Amino acid sequence: MSHSIKDPPVGNRASSGTLPRIVDVDALRAVALLLILVVNIAFFASGYPFQLVPDPAHDSWGDQVVLWLVELLFAMKAYLLFSFLFGYSFTLQLESAARRGVDGVSRFRRRLAGLFVLGILHAVLLFQGDILTTYALLGLVLLAMRGVRVGTALRVAVLLTGGIGFVLALAATGGTQLVTDPATALAAGQRSTEALQGGIGSVITEHVRQLPAMFGTLLVQGPLALSAFLFGYAAGRRRLLTDVVGNRQLLRRVQQLGYPIGLAGAVIFASGGGTANLTGLTAGVLTAPLLAAAYAATLLQYFQTDRGRRVVAVLAPAGRMSLSNYLGQSLLCVLVFTGVGLGLAGAVAPPVVVLIAVAIYCVQLAASAAWMARFRYGPMEWLLRAWTEQRWPRLRAAGSGPSWRGSF
């Protein structure tokens, strides 16, 4: 069985009527945070990735291998894993609200409104590749579908993935090119890198300038995120993550299907230039969900081992305050790479960029453990919860240890 922080038997309820947290889910969310950071940090380190062209200053064999591995293993898979967990948590939040006799639908709408505002501020001030606004808008769709059956949710999820893959395949067959003029894209990448090296005004102006281009990205990313929401919704309705041992056969089937197909598609995706090539992008869209699912299945089973339980204890606090850590990653990357801080944009090779991502993540793990030992929620989770509940919830944990009940 998956354990809660205080390790009550599955099915036990906290005295307040809320569901006990499942630390395996928190740990899985923390892993997704690392994968997201490894992918996103490239967009802070250089202005070229937003133009879908490589930075010509870093084109050594080692640089290319690192970029290829990130595309192969993490790109598209990271946010799908996080989106799955968003859909899973959605079902638990509504059930928790129902058990406490409060209006879960209204609360969730307010939460989505809060996420949308945070996402706009995040996109303008820190990272134009924000995902929170997309989650807020797609969350309304998920809320509207809260009464559908599990089978219906799964069919819609598959149709969404297949549909976007079909459209991309048609575009690729028709000869559509995402980068029509490489020279122009390279020039734009240089201008963007120089803008990131400037002060706060230059950085914000560049973020705003890039926002229209992000809307095109969301035409692919949005449907895939909604598909992952629905898979998570189905898993939450069936409580698949509360009994990992009992569902081990299903998880192994996910691995047996997800790894060969997912990795094959990932090779095509990475070798084709990632999101810059429609053929590779089509392969990524159709297979990334399978590889992300295989990752989740592997991690959940590993978390049941003795060593895995120790890893869970280290990761879970970061997953508990995932919103704070997601925004914190962007803030730290701005301080490292833009002219607001060290101004390293364009000056750091991909292998070092990945090492910086790992270093940031380790800092966040330590900070999260220290914070959650004293407080019930992460700082941004607390603010979002205050807006959602229209009151100031108690922040400091009771007693000497953390209070793990509830979720933001």
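**Close-up 1. Phe-90 and Tyr-233, a pair of buried aromatic residues.** Both Phe-90 and Tyr-233 are buried, a term for residues under 20% relative accessible area, with exposed meaning over 50% and partly exposed in between (1.4 Å probe, protein chains only). The model is predicted, so local features need pLDDT of at least 70 and side-chain atom pairs count only at pLDDT 80 or more, while totals for chains, interfaces and linings use all residues. Residues are numbered from 1 along each chain as its sequence is written, and side-chain values use heavy atoms, with hydrogens and water left out.

**Close-up 2. Aromatic pairs, of which the structure holds 14.** Rings of Phe, Tyr and Trp (its six-membered ring) pair if their centres lie within 6.5 Å, and planes under 30 degrees apart count as stacked, over 60 as edge-to-face and the rest as tilted. The ring centres of Phe-86 and Tyr-135 are 5.0 Å apart and their planes stand at 55°, so this pair is tilted. Because Phe-86 lies in helix α3 (residues 77–99) and Tyr-135 in helix α5 (residues 132–144), the pair ties together parts that are 49 residues apart in sequence; helices (H or I, at least four residues) and strands (E, at least two) are DSSP runs, numbered from the N terminus. Phe-86 and Tyr-135 are buried. The rings of Phe-90 and Tyr-233, with centres 6.4 Å apart and planes at 40°, also make a tilted pair, which links distant parts of the chain, Phe-90 being in helix α3 and Tyr-233 in helix α8 (residues 200–237), 143 residues apart. Ring pairs join Phe-86, Phe-90, Phe-108, Tyr-135, Phe-229 and Tyr-233 into a cluster.

**Close-up 3. The salt bridge of Arg-239 with Glu-95.** A salt bridge is a side-chain nitrogen of Lys or Arg within 4 Å of a carboxyl oxygen of Asp or Glu, and the structure holds eight of them. In the bridge between Arg-239 and Glu-95, the closest N and O atoms are 1.9 Å apart. Arg-239 lies in the loop between α8 and α9 (248–271) and Glu-95 in helix α3, so the pair ties together parts that are 144 residues apart in sequence. Arg-239 is partly exposed, with a relative accessible area of 22%, and Glu-95 counts as partly exposed at 21%.

**Close-up 4. The salt bridge of Glu-206 and Arg-209.** The side chains of Glu-206 and Arg-209 meet at 3.0 Å, N to O, and, being three residues apart in helix α8, these residues are separated by about one helical turn. Glu-206 is buried, with a relative accessible area of 4%, whereas Arg-209 is partly exposed at 44%.
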